[in-house]
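Hello,

Here is the model we spoke about, for you to open and go through. My notes follow below it.

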Amino acid sequence: MKLQQKEEPLPDLLEKDQPLLEVKDLSLSFRQYREGLRETDLQVISKLDITLYKKEIVAVVGASGSGKSLLASAILGLLPENAFLRGTINFKGKPLSPERQEHLRGEEISLIPQSVSALDPLMKTGKQVQAVIKGKNKKAVQQEIFDKVGLPSKTSNSYPFELSGGMVRRVLAATSLASSADLIIADEPTPGLDPFALKETVNYIKQLAENGKGVIFITHDIETALKIADKVAVFYAGQTVEIAKVENFCGSGENLRHPYTKALWNALPQNGFVPLPGSQPLLSEVAEGCIFHPRCPVKTDLCKKKQPESKSKNGEMVRCFYA
Amino acid sequence: MRTKRISLYILSQAAKLLTLLIAISILSFMLVSYSPIDPIRAYIGGDMLRVSPEQRANIEEYWGLNEPRVSQYLNWANSILHGDLGTSLLYRSPVAQVIAERFVASLALMAIAWLLSGIFGFILGIIAGMKKGTWIDRLIKGYCYVLSATPTFWLGLVVVIVFSVWLGWFPIGLGTPAGILEQDVSLTDYLRHLFLPALTLSIIGVANIALHTRTKLVETLNSEFIWFAKAKGEKGLKLLWRHGLRNISLPAISLQFASFGELFGGAVLTEQVFSYPGLGQAIVEAGLGGDVPLLLGIVLFSTIFVYVGNLMADILYKVIDPRIRKEWN
Ligand SMILES: Nc1ncnc2c1ncn2[C@@H]1O[C@H](COP(=O)(O)OP(=O)(O)OP(=O)(O)O)[C@@H](O)[C@H]1O
Ligand code: SF4
Ligand SMILES: [Mg+2]
């Protein structure tokens, strides 16, 4: 009887405490045909966790190839055909089935893609943005948003090939601003922007969160992440190794709990520029033990044999035996 | 700036065509003059035995056959420049007139085949591309590969056997019913004679455009902008219409224009099988019958025909594709 009460929270708690997005123990592999017809599974994500509430910005930080874009595709339900996904993704408390994903794409979940070739080369940019706007006056709404992100008004009649890389980025960001989605996944929306445009974009994204939306901000640039986010999720070789509050990135990283996060922080120019030797392995290359152990400065024998479980507390998380 | 570019384009294209025509005319003139064709035999035909050696020499003298080949060519080229293609030995009428009459017949055949194969090829390509990997895709692909490997004349014979001999729905050959005066031939008669050759030529033409469209669509559907359009919530036929067709129709139309060469080649064989009185049949007759003026005339004409097709493909890109159009303004 007691248990059941726990499972049904009070109605006013429901709204506030229910995460907008909840990714739990996600793993992803690609079915590959190597050496003729032998089928192998290439594991690229395992034990990936992330939780996002309304009005919150969670930055996802990780080196190239750590699985950041694949997480975005998995949430949207737009993975390549040979991808095989396991684990839980809940949106507004309910699991995301393929049908639900198809229904929610562009409506409640919006993406700012990483690639600048995401625009149709043969369609005017204005029209491409108007596709996500509901109701009448699509043109006026789109024009207003272009103004807001600092795109000259003639941009809407331009084809993508007539725009610079930075302008395309702003068109892509405008697409998300124009949609009425509650969850925005921004996959590296800032490279190629000048400092002014970068500041503007960061401000819009912050504004979106203030207006009640949730934002996943994917980047490999920890400094931008710290400027914008409430929490930082650190990815390493397809795993979440730590989720830390932004305040904890300070000093010499004594509040950070995972050795990799500390190393990232201390590699920044203003924090001593201490490089971390070695490079990120493929998930499949580390057969057993902690995924980070080949590079970990504080590893023990235990780390080589056993995988650490994640430990969560107050919305923060870490995956290390000694944190 | 714009007019200058356009005039430059026209000039350069005209220069290209001219060079091409000169090269083709020299080449074909040489081939013909070294071939065993005897124009006098072709002209006189069955009465050859009654021509004495002196008479023969006179004709050779009159036609300039004793002159060196170079001056023979220059004479011929000169009269072409003056608008005179010469007289057909087989038809005993001006080459230009024969080509004009035959071309009208061929044009009906080729235009129908061009349109039908273009439309059906495009549709089949889209279906296969959208259903990639399914049985319907394999069916369409298989059909196209079989067609590409099928000789045109063989397909023509199959069509004749099925539709004319077995079913008796259509006449076996010719452009009009035999034994009827030209003024008595009705439109229905023309169409009935046109149907099977046009069908054959269309069936052959489908393969190329269908396979090309399929590949192009598959490539487009795998592109990042289609992926992003899906992320924006676009799906199904609307997605195909907004982002797919736009990106595959231009290459398809261009390909269709650039295939005038194959179209003409196909028409030659098809007209042969059906004894259809078009340009293709005329070129075979001219070749076999030693009708040199007609043969050379048709060679030059078909060169222009194929060239115009390629030119249209090129211009289409310049007019429709915004990426290239912008460079022009
Ligand atoms: N279609 C695929 N087939 C096989 N492996 C893939 C495929 N797509 C991605 N991968 C692999 O999955 C891993 C994660 O890729 P992902 O694109 O998510 O990286 P990322 O973190 O976004 O990197 P970046 O910062 O460069 O964008 C990489 O090692 C990549 O090689
Ligand atoms: S578990 Fe061991 S190897 Fe892994 S990060 Fe912690 S200390 Fe390093
Ligand atoms: Mg990426």
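Before the notes, one term: two strands are taken to pair if DSSP finds at least two bridges between them. The model is a predicted one, which applies to everything below.

I began with strand β7 of chain A, residues 183–187. On one side, strand β6 (residues 109–112) of chain A pairs with β7(A) in the parallel sense, over four bridges. Within that pairing, I109(A) is the residue opposite L183(A). Strand β8 (residues 214–219) of chain A also runs parallel to β7(A), and five bridges join the two. There, D187(A) has I218(A) as its bridge partner.

Is β7(A) covered or open? The strand is mostly covered, with five of its five residues buried. In a regular strand, side chains alternate between the two faces of the sheet. Here L183(A), I185(A) and D187(A) point one way, while I184(A) and A186(A) point the other way. Both sets are buried, and D187(A), an acidic residue by the grouping that counts Asp as charged, is among the buried ones.

**Ligand 1**

Which residues come nearest to ligand 1? Of the 14 around it, they are S64(A), G65(A), K68(A), S69(A) and Q114(A).

- S64(A): a polar side-chain atom lies 2.4 Å from an oxygen atom of ligand 1.
- Q114(A): an N or O atom of the side chain is 2.7 Å from an oxygen atom of ligand 1.
- K68(A): an N or O atom of the side chain is 2.8 Å from an oxygen atom of ligand 1.

On its own, ligand 1 has 640 Å² of accessible area, and the protein covers 69% of that.

By residue type, the shell around ligand 1 holds five nonpolar, seven polar and two charged residues. By element, β1 (21–34) and α3 (68–76) of chain A each supply at least two residues of the shell. The largest share, three residues, comes from α3(A).

Most residues other than glycine have a negative phi. D25(A) has a phi near 50° and sits in strand β1 of chain A. N137(A) has a phi near 55° and lies in the loop between α5 (125–130) and α6 (138–148) of chain A.

Are these residues buried or exposed? D25(A) has a relative accessible area of 48%, so it counts as partly exposed. N137(A) has a relative accessibility of 58% and therefore counts as exposed, the cut-off for exposed being over 50%.

Regards

Note on methods: Residues numbered from 1 in each chain as written. Chains lettered and ligands numbered in written order. Predicted model: local features only at pLDDT ≥ 70, side-chain atom pairs only at ≥ 80, totals over all residues. Heavy atoms only, no water. Buried < 20%, exposed > 50% of the residue type's maximum accessible area, 1.4 Å probe, protein only. Near = heavy atom within 4 Å. Polar contact = N/O pair within 3.5 Å; in protein donor to acceptor, adjacent residues only side chain to side chain. Areas by Shrake-Rupley, 256 points an atom, 1.4 Å probe, with all protein chains shown as cover.
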